[in-house]
Amino acid sequence: MAVWARQLARGWCLLARACAPEVPHRLKSHSSKTRTCHVFCPLALLHFRNRFFPWKVQTCRPLSAEHCAQPDSSKDGSLASPESHLPAQVNQKQEKAETIPDVHANVLYEDWDDIPPSSALEEISEEEAVKIIAEPLLPFQSSTLRDYVDHSETLTKLVHLGIFDLSQVEKRQKAGQLLLTLDFEKDIRKVLLFLKDVGVEDNQLGSFLTKNPYILGEDLEALETRVAYLKSKKFGKAEIAQMVSRAPYLLLFSVERLDNRLGFFKNELGLSVTKTKDLVIRLPRLLTGKLEPVKENIQVCQIELGFQRNEIQHIVFKTPKILTSSKKKLRKTFDYLHNVMGIPHSMLTRFPQVFNSKLLRIKERHLFLKFLGRAQYDPVQPSYISLHQLVSLPDEVFCTEIAKASMQDFEKFLKTL
Amino acid sequence: VTGPRFRRLRMGAGHRLDAKASGVMVLGIGHGNKLLTDLHNCHLSKVYTVGGLFGKATDDFSDTGKLVEKTTFDHITREKLERILAVIQGTNHKALLMHSNIDMKTQEAYEMAVKGLIRPMGKSPPIITAIRCLQFVLPEFQLEIHCLHETQQYLRKIVHEIGLELKSSAVCTQVRRIRDGVFTLDDALLRTHWNLQSIQNAIWDCQLKVKREIEKTLG
């Protein structure tokens, strides 16, 4: 670091506006020439032309190109192209900035005892010192996007689009870095227009991108081939729009992967093509989620719960969510329904939505009905209560219509459980 | 500008209820936590409904544990059960008098005992102040127990011991707290009522009761 300082001192450049990357801080820690430290930094920038510092830069070249176009903005962060950077900012010493790189190149290899043309150790007058504004640093490595939001156009425009929840975006791996490296004009705009073509609504774009920011980094042709593939499988345009908005990761999958998954569902469940398509449209998460839990769920249904193959097909077609629910919940619910309430498999096949509801609800309502003597689930006998009504009605309607009791009675009964 | 009204609530819990038991549980919010400690120092009794089943014995005294033995229970009648309960109540009453550290020979002690105000005001082992049988349908039975400083497992053990005394065995099927000091089932909020308005109403209703009780006991 001390070597640096000496070398920098040779190329003299007193610039009015000093951009302050991390360098002056490092120099401060290492060198004793603290009062002139901020003068070193522009020199340091020049120096970088010759030496590449492998610091991890979160903001990169395209941003600096933008910044050049806005000379009045005092942003910085780009260390990759200092010469284009500096002339834009430094008006007075422009000619000197251009000549100095050449001077510097010669100076590098000269003897160290040469007296520099004008030493950076000269005292700066107070006015000039005040003019040197030290910018707050853009950190090279940061765990939040918050530091960059002000500086990065990409991020500001995305926020305007409606992705207010940047905190979720940065939680995903590398999404933050991806967003910062992309250029809004070139890449993102194309992808957004493509999404609008596919049919994602404007107001949904924000939440879509929050869940799936990686799509902004995808190649446009790949995305188009995938949509074309879906169309070839005879998914309608509105259906594709619906699937894509509900499962944002869908378009990230390559064509072979999508094909594999559709084939998997067809084989595992034994459903016809139209039915599989219908299923996938209703729950596109099936295509994007993992396959092993789905397989295990089907096995559980078959082996442990004892459903026949055609029963499973029927259930899955009616409530595809059963494939993604947890096995423990499935087992407990089935255990209570079958063993305690005494409902046969055929009834469960006809009303598979009971598997989706909360076990506690089923328990409470069943116990109440048993207390009243109205727990009759057999359609043949009188005063039959269908499972559908048991589960899906809100409390008041359940009390008055099915149980024929008042809400207070129900609550008092619940307190005795 | 909108936002959540209460951001961080400090909540404390009163006497604990373990996972298999149900019933009234007192929670304190914010400054109410200080009242919780005061209530604890009042040493008020709690009332439980305990359901039991004759004929089985398990390792953890409840009906979900591992079965240890099975016995007959045809010989058990309500009178025998009540006799056992009276014995239990008698022994516990002696323990109550002993732990409350009152000199039994004074007039004050007699008057307090008449009013039923004697209780241990410090640490003591679990004491049952009253126990009676609510329902008796073989093999099931239900007891109401008033007690102090107990745990739910102790109550289950009592059921087991009752079974042993009756020359049979019993397991506990249900432990439900109906009263905790001044709070009864009527004041309790159901799961469907766990929202801000109901909680505020409940706090408002109970405030007076709690204050009166604390003043009476701690002076």
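Predicted model: local features only at pLDDT ≥ 70, side-chain atom pairs only at ≥ 80, totals over all residues.
Chain A has 26 helices and zero strands, whereas chain B has five helices and 10 strands. Helices (H or I, at least four residues) and strands (E, at least two) are DSSP runs, numbered from the N terminus.

Residues are numbered from 1 along each chain as its sequence is written, and chains are lettered from A and ligands numbered from 1 in the order in which they are written.

- Chain A has 417 residues, of which 43% count as buried; buried means under 20% relative accessible area, exposed over 50%, and partly exposed in between (1.4 Å probe, protein chains only).
- Chain B has 219 residues, and 36% of them count as buried.
- A contact means heavy atoms within 4.5 Å. Among contacts in chain A between residues at least 6 apart in sequence, 73% join residues at least 24 apart.
- In chain B, residues 24 or more positions apart make up 67% of the contacts with a separation of 6 or more.

**Helix α16 of chain A**

- Helix α16(A) runs over residues 255-269, and its 15 residues reach 21 Å from first C-alpha to last, close to the 21 Å expected at 1.5 Å a residue. The expected span is 1.5 Å times one less than the number of residues.
- Its buried residues are Leu258(A), Arg261(A), Leu262(A), Phe264(A), Phe265(A), Glu268(A) and Leu269(A). Seen down the axis of α16(A), these buried residues fall within an arc of 155 degrees, so they line one face of the helix. The arc is that of the directions from the helix axis to the C-beta atoms.
- An α-helix has 3.6 residues a turn, so residues three or four places apart point the same way.
- Glu256(A), Asn260(A) and Asn267(A) are exposed on the other side of α16(A).
- The packing partners of the buried residues of α16(A) are α14 (220-232), α17 (273-282), α18 (285-288), α19 and α20 (309-318) of chain A.

**Helix α21 of chain A**

- Helix α21(A) covers residues 327-340; its 14 residues reach 19 Å from first C-alpha to last, close to the expected 20 Å.
- Leu330(A), Thr333(A), Phe334(A), Tyr336(A) and Leu337(A) are the buried residues of α21(A). They cover an arc of only 160 degrees around the axis, which puts them on the same side of α21(A).
- Exposed residues Lys328(A) and Asn339(A) sit on the face of α21(A) turned away from its buried side.
- The buried residues of α21(A) pack against α19 (292-304), α22 (345-350) and α23 (359-372) of chain A.
- Just after α21(A), Gly342(A) has a positive phi of about 75 degrees.

**Helix α23 of chain A**

- The 14 residues of α23(A) should span 20 Å at 1.5 Å a residue, and its end C-alpha atoms are 20 Å apart, which agrees.
- In α23(A), Ile362(A), Glu364(A), Arg365(A), His366(A), Phe368(A) and Leu369(A) are buried.
- These buried residues of α23(A) pack against α21, α24 (387-392), α25 (395-403) and α26 of chain A.

**Single residues**

- Thr416(A) lies in the segment after α26 (407-415) of chain A and is partly exposed, with a relative accessible area of 35%.
- Leaving aside residues up to four places away in sequence, Thr416(A) touches Gln174(B) and Arg176(B).
- His43(B), in the loop between α1 and β4 of chain B, has a positive phi of about 55 degrees although it is not a glycine. His43(B) counts as buried at 10% relative accessibility.
- Phe61(B), in the loop between β5 (56-58) and β6 (67-70) of chain B, has a positive phi near 65 degrees and is likewise a residue other than glycine. Phe61(B) is buried, with a relative accessible area of 18%.

**The second largest pocket**

- On a 1 Å grid over the protein atoms alone, a cavity is a set of points where a 1.4 Å probe fits but cannot get out, and a pocket is an open set with protein on both sides within 12 Å along at least five of seven lines; lining residues have an atom within 4 Å of a point.
- About 400 Å³ of space lies in the second largest pocket, where grid points are joined across faces, edges and corners and the volume is the space filled by probe spheres set on the points.
- Its lining has 19 residues, of which His15(B), His40(B), Lys46(B), His149(B) and Glu150(B) lie nearest the centre. The elements giving two or more residues to this lining are α1 (32-42) and β4 (46-54) of chain B.
- The lining divides into five nonpolar, nine polar and five charged residues. Ala, Val, Leu, Ile, Met, Phe, Trp, Tyr, Cys and Pro count as nonpolar, Asp, Glu, Lys and Arg as charged, and the others, Gly among them, as polar.

Methods
Heavy atoms only, no water.
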